[in-house]
Amino acid sequence: MSAAARCVMVLGTTSGAGKSWLATALCRWYARQGLKVAPFKAQNMSNNARVVAGGEIGSAQYFQALAARALPDVRMNPLLLKPERDTHSQVVLLGQVDEELTRQSWRGRSASVWPRIAQALDALRAENDVVVIEGAGSPAEINLKDSDIVNMRVAAHADAACLLVTDIDRGGAFAHLYGTWALLPEAERAHIRGFVLNKFRGDETLLAPAPEQLQQLTGVPTLAVLPLWWGHGLPEEDGWYGAARGGSAAGARTIAVIAYPRLSNLDEFQPLANLPGVRLVWARVPADLAGADWVILPGSKHTSGDLAWLRAQGLDHAVARHAGEGRAVLGICGGLQMLGEALVDPHGVDGNAPGLGLLPLVTRFEPAKTVQRTEARFGAVTGPWATLAGVPVAGYEIHHGQTVQHPAMPAARVVLPEGLAWQNPEGNVLGLYLHGLFEDPAALHALFGARAPTLDTVFDGLADFIDARFPAGTLSGLLKPS
């Protein structure tokens, strides 16, 4: 390529406005025009991460890369903040944990990482026709303006054409749009090429005359009104767990996932929500486990802290009762660690704690972090997991803990090699380090006899959705200089 890629950026008036969703749809839409496309988000704060060449990136950028038909790359999300407590996050720079940056203050960190962020963006622009950029939170957070490395500083560096999206379902959408625009300096306003009303339900004619009045005030048109769409099938970046999802008909299999505060990699459960005959429940109190066929302890960014929360809620006894009745319990990564006898932390990585005692295992936390893609084949699995026997599975590992058999207890059954998975003697409790079990088509079919929609089908559905709701020529027009 002789020229740097054109950049289209999705900004939001708030977190949860729909930036990740719209950016993913744009990645597939531009890729379907025959363009070489890459996603980019300078800084992401999320405990949902995926393993790519060179380390880990936020899940949203991983899915955006797949939507763009691009190979996921650490440059697509150069800075990833993984919250471990309310006031502390692990910092991942270009795929690798950076202890020095983790210790730095927020504002000091921004100054030191900006050159690496700009370099990553410039490299992607040099290799592609289009870079679809996602902002974070709101670009009008004036208290953070001097340390901005993810919103308007990126827009200016890339000369990006920006869409400003708002969640109209929350109420106050036009005030959100106008207030955000008004708080931006004039030079930054020039990057805003259009407003987008997201999650609309009702009669669209009732919006008039607000879009026209807003354009008179700002000079910015409202380019699209996107209806609320629950069933699009794309994993939400963070916090979508709430009401039960999926089937509610008689005979539906109820799967309760423990929703502790530092739950990680929750996006791997999206295929369950997409399956017919499965009801997905997010459990925060013991009553949420009532009637559950399966209980899942998911990954955690702070295993000992989430285990303490689980005990404070009384969920430890509820999980034990469920297992004692012979019903299925699955622990994934941090959930596996909780199912064991003890957490041992000689290096101050996570914390010491007694486990739930449902598997005869001990986890020792190490400073070095395992971050890798993994393929394996299940051995002789029994109990409710027996259909996995002999099934090949592919997924990913992200963990500091190293788990082994308790030396003074009868051994658990090893059902995946290399310390990846164990079962209790009764067969109803399964713990595995591998994320992505329910995203693997072979494993999903073995467990449920069904297949979830493929990601390609989901991405094409998103592109079709925006193609039908943005005026013809609008999205192509964003690639032209203003």
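Predicted model: local features only at pLDDT ≥ 70, side-chain atom pairs only at ≥ 80, totals over all residues.
Reader: Where is Asn-44 found, and is Asn-44 buried or exposed?

Author: Asn-44 belongs to strand β3, residues 43–45. Buried means under 20% relative accessible area. The value for Asn-44 is 2%, and therefore Asn-44 is buried.

Reader: How do you know whether Arg-50 counts as buried or exposed?

Author: The relative accessibility of Arg-50 is 3%, to be set against the cut-off of 20%. Arg-50 therefore counts as buried. Its place is in strand β4, which spans residues 49–52.

Reader: With which side chain does the side chain of Arg-50 make a polar contact?

Author: The partner is the side chain of Glu-439, at 2.6 Å. Beyond its neighbours within four places in sequence, Arg-50 is also in contact with other residues, including Tyr-62, Phe-63, Asp-267, Glu-268 and Tyr-396.

Reader: Where does Asp-350 lie, and what makes it count as buried or exposed?

Author: Asp-350 is in the loop between β20 (342–344) and β21 (353–354). Its relative accessibility is 12%, and the limit for a buried residue is 20%. Asp-350 therefore counts as buried.

Reader: Which backbone nitrogen lies 2.8 Å from a polar atom of the side chain of Asp-350?

Author: That nitrogen belongs to Ser-304. Ser-304 is one of the residues in contact with Asp-350 once neighbours within four places in sequence are left aside; Lys-301, His-302 and Phe-365 are also among them.

Reader: Why is Val-150 called buried?

Author: Val-150 has a relative accessible area of 8%, and so Val-150 is buried under the limit of 20%. Val-150 lies in the loop between β9 (130–134) and α5 (152–158). Not counting residues up to four places away in sequence, Val-150 touches several residues, including Met-9, Lys-41, Ala-42 and Glu-134.

Reader: How many disulfides are there?

Author: The count is zero. The cysteine sulfur nearest to that of Cys-27 belongs to Cys-7 and is 11 Å away, leaving Cys-27 in no disulfide. Cys-27 is buried, with a relative accessible area of 0%. Cys-333 also counts as buried, at 5%.

Reader: Why are the buried residues of helix α6 on the same side of α6?

Author: In α6 (residues 173–183), the buried residues are Ala-173, Leu-177, Thr-180 and Trp-181. They cover an arc of only 95° around the axis, which puts them on the same side of α6. The elements covering them include β10 (161–167), α7 (186–189), β11 (192–200) and α8 (210–218).

Reader: Is Lys-199 buried, exposed or partly exposed?

Author: Its relative accessibility is 24%, a value between the limits of 20% and 50%. Lys-199 therefore counts as partly exposed. Lys-199 has its place in strand β11, and its phi is positive, about 65°, although Lys-199 is not a glycine.

Reader: Which peptide bond is cis, with omega about 5°?

Author: The cis bond joins Ala-208 and Pro-209. Pro-209 lies in the loop between β11 and α8.

Reader: How do you know whether the radius of gyration of the protein chain agrees with that of a compact globule?

Author: For 482 residues, a compact globule would have a radius of gyration near 23 Å. The protein chain has 23 Å, and the two therefore agree. The C-alpha atoms fill a box of roughly 70 × 50 × 40 Å along the principal axes. Of the 482 residues, 57% are buried. The protein chain contains 15 helices and 26 strands.

Terms used. Residues numbered from 1 in each chain as written. Heavy atoms only, no water. Buried < 20%, exposed > 50% of the residue type's maximum accessible area, 1.4 Å probe, protein only. Helix = DSSP H or I, 4+ residues; strand = E, 2+ residues; numbered from the N terminus. Arc of directions from axis to C-beta. Contact = heavy atoms within 4.5 Å. Disulfide = S-S within 2.5 Å. Rg over C-alpha atoms; globule rule 2.2 N^0.38 Å. Polar contact = N/O pair within 3.5 Å; in protein donor to acceptor, adjacent residues only side chain to side chain.
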